Structure formats: structure tokens, C-alpha cells
Amino acid sequence: MGEPAQGQAFDMPRGDAKRPAAEVLPYAAAAGAPPLIQVQDIAKRYESRSGDSIDAIEKISLDVPRGGFISLVGPSGCGKSTLLKMMGRLLPPSSGRIVYRGIRQGEIKPRLGVVFQESLLLPWRTILDNILLPIEVMRLDAAAGLDRARKLLATVGLEGFEKKYPFELSGGMQQRAAIARALAPEPELLLMDEPFGALDALTREQMAEELQTIWMRTGKTIVFVTHSISEAVYLSDRVVVLSGRPSRLLDDIEIDLPRPRSLDMMTDPRFGTYATHIRRLLSAKREM
Amino acid sequence: MTVSTAVHDVVFSAETAKPAPMRAGFRTTGSIVSAIVLVAVLASWEGCVRAGVMPAFLLPAPSNLVLMFATDILSPAFLKEALYTMAEIALGFGAGAVAGIGLGAAIALVPMIEQIAWPYVITLQTIPKVAIAPLLIIWFGFGIESKVLIVALICFFPILVNAVAGFRSTDARQVLLMDSMDATKWQLFRKVRLPNAVPYLIAGLQIAVVLSVIGAVVGEFLGASAGLGALLVVRQSNMDVTGVFSVLATLSIIGLSMNLAVGLLSRRFAFWMDTSVKI
């Protein structure tokens with residue numbers, strides 16, 4: 001496999017297959033503004049207990065435009081989550097940097113909403129109080145926050161559950177509450193680390209459909225880590241394919257399918273072409 | 001929920017977990033049988049003593065014990081002794097809890113304090129606290145101070161060890177989530193670490209409740225001018241078995257009510273945990 005983003009051997013339905021990843025992307029160019037996040041030559045190395053170091057991420061550059069939906073896919077343990085955390089400044093990179101809004105110094109970190117595979121709701125708080133947590137922590141306006149939290153409860157289909165405790169809800173409902181919590185402080189950037197990974201297939205598809213609706217309605221920038229190729233193609237503007245450890249960028253694929261996408265679209269031949277391309281990239285890498 | 005540390009006082013394990021739920025009908029039947037057994041035992045005991053099978057000076061009849069207990073708790077002199085012991089227990093328990101939870105949080109959250117304090121904690125933990133009591137009486141006299149100290153010391157360790165385990169049990173992913181909200185250290189403590197530690201703190205308090213009564217009574221045995229333990233010694237030397245029973249009943253009521261109070265705390269603050277201490 002050659003340099004990142006150059007291993008194109010398939011006939012992909014897109015214009016500039018050979019475009020280097022770090023180049024300014026059409027979204028940002030069209031908006032006339034720098035991308036919300038620029039990942040510049042980022043690498044992460046972990047020191048193990050025995051003293052040797054493990055390269056989790058070798059060198060990755062990519063842009064996330066404002067309002068975009070970007071998925072990161074790659075084999076297990078390839079550092080997708082690590083990259084995601086670094087994009088939110090929740091983990092320092094070993095080298096390289098994250099630039100927000102094209103401003104290199106004195107920039108304001110975008111307000112974050114984070115969703116993990118587990119809902120991580122606080123078990124001693126009611127669903128409503130869990131959704132209010134970021135509003136309390138960030139000291140946002142309480143009255144407006146409460147109003148927004150109630151609306152979000154409706155958005156994620158949890159009306160009537162505000163006084164319940166997390167252990168009284170199913171896994172899917174807990175995850176909906178976690179999404180509502182992430183959206184409560186009106187974040188600029190939503191980081192989602194396999195948010196549907198612990199759900200059954202049916203709930204998972206339903207949640208993906210709802211996430212698309214929420215994203216289209218709110219216009220948040222979303223970076224989404226997933227194991228599921230079809231989930232990534234279904235949801236994303238762009239799918240970033242990462243190699244196994246040490247992680248490198250294999251391809252950055254623009255998904256040119258009309259929105260809103262329905263689940264039926266998964267049987268569309270164009271959908272299949274994207275999915276097959278990504279699958280081949282990942283399996284070709286494994287055989288090496 | 002099993003907590004394993006080097007120290008044995010952490011009993012927040014399977015034994016304190018609630019038993020498997022029984023069917024309601026079965027439980028009612030059990031309670032009825034239990035009541036019948038109690039009545040039967042008391043009746044035959046009363047019968048044996050009245051018939052002269054059992055000498056009353058060794059084991060007084062239950063009716064006499066009830067009478068004696070009623071007389072005791074209506075007597076101001078007895079109540080004064082009881083209040084004295086309760087004050088020792090309350091002050092000692094409170095001091096032990098505050099110190100144990102405070103130092104426990106510090107040890108769990110500040111690595112520097114852990115390195116300094118932990119070796120001493122382990123070492124002191126191995127000394128039987130009851131064995132230090134004579135020393136404390138020499139140092140602090142026959143008054144209330146020495147007993148409060150004994151109670152505090154005996155309560156301190158189980159509370160401390162459970163507090164350390166509790167404050168360490170915070171989920172790292174939960175911390176990451178709070179980081180994503182730019183939470184301060186205090187917010188992280190107040191909103192996540194502290195509530196998360198509550199079931200452990202309650203488990204520690206529950207052990208300390210039992211120990212605190214033991215501590216106060218042992219302290220008074222060794223030398224006291226007042227208190228139920230001192231009264232127990234006096235009544236024993238008079239061969240007043242009925243009186244001894246009455247003091248025992250009072251002590252167990254003190255212990256039970258403290259247990260109940262901790263149980264209420266648990267129900268209020270640890271309801272969300274399936275292993276929370278039930279009463």
C-alpha cells in the first residue's frame with residue numbers, strides 16, 4: 001500500500017480521487033471559512049510498562065469542515081478512539097497539532113459534546129438531571145438549559161422518562177439520553193465513539209436514522225467512530241479509513257449520496273460501491 | 001461488587017450484597033414461623049424458671065427482665081449512664097467518620113499523601129485497637145475523652161479503608177466525560193467521585209457502628225466514672241444478672257438504632273446501587 005489517500009484502484013463515483021488529504025476541502029472552501037478542525041501531522045505513541053513504546057498513530061492529517069459528518073473507520077485497536085479524543089483535546093498528541101477554525105494561537109476550543117459506547121449516565125441522577133449535567137458543569141443559563149433539556153428529551157423520544165433513573169431504562173434508551181446530554185450545552189462539535197456499538201442491530205439502524213435527522217436539524221459538526229462500514233457510509237459526508245496499528249490514513253472518501261438518506265438506500269448500487277471499496281481497503285491491509 | 005485491597009476491613013463484598021429476592025408469600029410465612037419460635041422459646045424459658053428447673057439468680061425469667069428494663073429506662077440515674085455512653089459513641093463515631101472519610105479521600109486522590117500515609121495506615125491497622133485502650137486511659141484519664149478516642153480509633157480504620165476504595169472506584173471514562181465538559185477538579189469530585197463513593201462510605205459506616213459500641217463499652221470496662229460499661233461492671237460484681245441483661249438490652253438498642261440510621265442513609269443516597277446496604 002502506497003502513501004495515504006493514493007491507493008485508489010477502484011472506479012469511485014467521485015471527481016478527484018487523487019486529492020491529497022490535507023488539502024482544503026470543498027465544504028470549507030464553499031463556506032469561505034477555515035475548517036472547524038484541522039488535524040496536522042498528528043502522531044500518538046504510548047510508553048508501555050516494559051519501557052518500549054508503541055506507535056498507535058503514525059502521522060495523520062485531515063480536515064473536518066464546520067457542519068460536516070465525518071466517520072472514522074478502521075480495524076479494531078487501530079487508534080480511531082485515540083484520534084477522536086485528540087481531536088477534542090481530551091488526549092495530548094505525541095507530535096503534530098490540532099487547529100480549530102484555522103487559528104493557531106489563542107484560539108477558542110469548540111464546545112464539545114461526547115458520546116461513548118456506554119451511556120455513562122450517572123446512576124444516582126434522574127434522566128433529566130443527567131441531561132442537565134453539562135449545563136451545570138459549564139455554568140450555562142439554568143432556565144434556558146432546562147427548557148432545552150426538555151425539548152431534547154422529546155427529540156430523542158424520551159418524553160415521560162425525565163424522572164426515571166438510568167437503571168430503569170433499556171440500553172437503547174440510555175444511549176438516547178446520552179445523546180441528549182451531549183447536545184444539551186449546544187456543542188459546536190459532537191464526538192461520538194462507537195455510540196451504537198452496544199446496541200442490537202435493529203435499534204442500531206433506528207438510532208442511525210434518528211442521528212441523521214438530529215444532525216440535519218441542528219447542523220452540528222460530528223466526528224463519528226464506528227466499526228460498521230454500512231453505518232459509516234449511511235451517515236457520513238466523508239468516511240476516513242485508517243489502517244491497523246500504527247495507524248495511517250488509507251483513504252478519505254466523499255460519500256455523494258442525497259440526503260435525507262433512508263435505510264432502504266443501503267441496497268442502492270452506489271451505496272454498495274462505497275461499502276465494497278472501504279471493505280477492500282480494510283481487508284487488503286489485513287493480508288499484508 | 002467485590003473490593004479487594006490489602007486490608008481486611010473492606011467487607012463490601014458478596015456477603016453484604018442483598019440476598020436473592022424471595023417470593024413474598026414465602027417471606028410472610030418465614031416471619032410467622034420466626035414469631036412463633038420466639039414466643040415458644042420465651043414461654044418455655046419463663047416456665048422453666050417458674051418451675052424451678054432453672055435457678056433465677058443465674059437466668060432470670062423473661063418477665064423479670066422486662067420489668068427490670070422498664071424500671072431502668074424510667075430511672076433518671078440509669079438514663080444518665082446511658083446518655084453518657086451514647087455521647088461517647090456519637091462523638092467517637094463522628095470523629096472517626098470525619099477523619100476516615102477525609103483522609104480516605106486525600107489518600108485516594110493525592111498520590112503524595114498516599115505515599116506518605118499508607119505505610120502508617122497499614123502498620124497501625126494491624127494493632128488491635130482494643131489493646132491500645134489501656135494506654136489511652138493512662139494518657140487521657142477516666143473521663144469521657146479517653147472513651148471518645150477509643151471509639152474514634154476503632155471506627156477510623158474500616159471507614160478509611162472503605163473510603164479509599166470508594167474514591168478510587170471512579171470510572172475513568174466518566175472522568176473523560178467530565179473533562180469534555182471542562183469540569184473543574186471540584187466539580188469532578190462533587191458531581192462524580194463523591195456520589196460514586198457513597199455506597200462504600202456507607203459500608204464503612206455500617207462496620208464502624210458495631211465497633212463503636214464495642215469500643216465504648218471496653219473503654220468503660222477498663223476504667224470509667226460513668227457509663228453503661230461501668231454500670232455493667234458494678235452489676236456484675238453484685239451478681240445482679242437481671243441488671244446485666246437490662247444493660248445489654250440498652251446497648252443493643254443503641255446499636256440497632258445507629259444501624260437503622262445508616263440504613264436510612266443508604267436508602268437515601270445509595271439506592272442506585274444494587275449492592276447498597278439494606279436494612
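**Notes on a predicted two-chain model**

1. Let's start with a helix pair. In chain A, helix α3 (residues 127-137) packs against helix α5 (residues 171-183) at an angle of about 35°, and their axes are 7 Å apart. Keep in mind as you look that this is a predicted model. The way α3(A) passes α5(A) is a right-handed crossing.

2. Which residues in α3(A) and α5(A) meet? From α3(A) come Ile127(A), Asn130(A), Ile131(A), Leu133(A) and Pro134(A). Facing them from α5(A) are Ala177(A), Ala180(A) and Arg181(A). Sorted by class, this contact of α3(A) with α5(A) has 6 nonpolar, 1 polar and 1 charged residues.

3. Now for a sheet in chain A. It is an open sheet of 3 strands, in the order β2-β1-β4, and the pairing is antiparallel. The edge strands are β2 (53-64) and β4 (95-100) of chain A, and each of these pairs on one side only. On average, neighbouring strands here are turned by 20° against each other, if you ignore direction.

4. Zoom in on the pairing of β1 with β2. For a landmark, pick Lys44(A): what stands opposite Lys44(A) in β2(A)? The residue there is Ile57(A).

5. Helix α2 of chain A, residues 80-87, lies across β1, β2 and β4 of chain A. Its direction is at about 125° to β1(A).

6. Step back and take chain A as a whole. How much of chain A is buried? Of its 288 residues, 42% are buried. Then look at contacts in chain A with a separation of 6 or more: 71% of these are between residues 24 or more positions apart.

7. Finally, the place where the two chains touch. Here 15 residues of chain A are in contact with 14 residues of chain B. On the chain B side, the elements giving two or more residues are α7 (172-180) and α8 (185-222) of chain B. Which element gives the most to that side of chain B? That would be α7(B), with 7 residues. By class, the chain B residues on this side split into 8 nonpolar, 3 polar and 3 charged.

Methods. Residues numbered from 1 in each chain as written. Chains lettered and ligands numbered in written order. Predicted model: local features only at pLDDT ≥ 70, side-chain atom pairs only at ≥ 80, totals over all residues. Buried ≥ 20, exposed ≤ 12 C-beta atoms within 10 Å, placed from the backbone. Contact = placed C-beta atoms within 7 Å. Pairing = 2+ DSSP bridges. Helix = DSSP H or I, 4+ residues; strand = E, 2+ residues; numbered from the N terminus. Axes fitted to C-alpha atoms, helices over the stretch in contact; angles between N-to-C directions. Left-handed = near helix turned anticlockwise from the far one by under 90°. Nonpolar A, V, L, I, M, F, W, Y, C, P; charged D, E, K, R; others polar.
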